[in-house]
Amino acid sequence: MFNLILFGPPGSGKGTQSINIVTTYHLQHISTGDLLRDEVSRQTPLGVEARKYMDQGLLVPDEVVIGMISSKIDESPDARGFIFDGFPRTKAQAEALDKLLEFKGTEINLVLAMEVPEEELTRRLIGRGETSGRSDDTEEVITKRIKEYHSKTEQVASHYYAQGKLERVKGDGNINDTFKLLSKEIDKYLLPV
Ligand code: B4P
């Protein structure tokens, strides 16, 4: 099994690149952003609660997100591996994920951290907001999301750096060029299918 975390600030292209990686390497995609938006659109109790945080650009509480991940992993017992997109986003989530995978007899193999300058992140997300209708893609909320990334999420990179699993990749090029850089790292572990 090969388990990958795609890491980076909001708008760095985690969701975009996950699609390419899933197609090329046949990993099972787990995006906490997508899972939460699905709960919000179905107006489940979890979704109603999560929306309060997402609309303000804040992270949803750890216990909510960790519970979702565990059941999602169990849904795909025969997966070649998982790509975690947008998770973990706090040190507590990273520690919980490590324990969960250890319990299942596996581990994180690689963390790819995409680096994109802040002006480019804002430009991309405002651009997406013009067509997506996503309530968290307004300038005010984007600023809060980036602040939340610096205060709570950045430390996840140090957590995996200490385990020797972190690779930094430039994410400010176009979508294809960024995918080539990511693939170069993944190819060291796993062949495309
Ligand atoms: P997410 O859904 O994870 O989204 P994201 O960080 O905004 O975006 P991503 O990096 O995936 O960028 P994308 O490819 O879409 O999170 C949303 C919210 O959910 C969070 O703020 C939080 O409230 C909550 N949440 C999610 N996970 C959580 C967790 N684990 N714990 C707590 N809360 C959690 O790209 C963005 C735009 O850029 C797109 O328009 C794309 O087309 C464009 N783009 C991408 N790559 C490009 C490139 N190379 N060049 C030009 N444009 C590019």
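Which residues line the second largest pocket? I found that Arg37, Val40, Ser41, Arg51, Met54, Asp55, Gly133, Arg134, Ser135 and Asp136 line it.

I noted that this is a predicted model, in which local features need pLDDT of at least 70 and side-chain atom pairs count only at pLDDT 80 or more, while totals for chains, interfaces and linings use all residues. Residues are numbered from 1 along each chain as its sequence is written, and side-chain values use heavy atoms, with hydrogens and water left out.

A pocket, I wrote, is an open set of points on a 1 Å grid over the protein atoms alone, where a 1.4 Å probe fits, with protein on both sides within 12 Å along at least five of seven lines, and its lining residues have an atom within 4 Å of a point. The second largest pocket holds about 190 Å³ of space, and H2 gives the most to its lining, with three residues.

I then turned to the largest pocket, which holds about 870 Å³. Of its 42 lining residues, the closest to the centre are Lys14, Arg89, Arg128, Arg134 and Arg145.

Next I looked up aromatic pairs (rings of Phe, Tyr and Trp, the last by its six-membered ring, with centres within 6.5 Å; planes under 30 degrees apart are stacked, over 60 edge-to-face, the rest tilted). The structure holds four. Among them, phenylalanine 2 and tyrosine 189 form a tilted pair, 5.6 Å centre to centre with 45° between the planes, and these two residues are 187 residues apart in the chain.

Definitions and conventions. Grid points are joined across faces, edges and corners, and a volume is the space filled by probe spheres set on the points. Helices (H or I, at least four residues) and strands (E, at least two) are DSSP runs, numbered from the N terminus.
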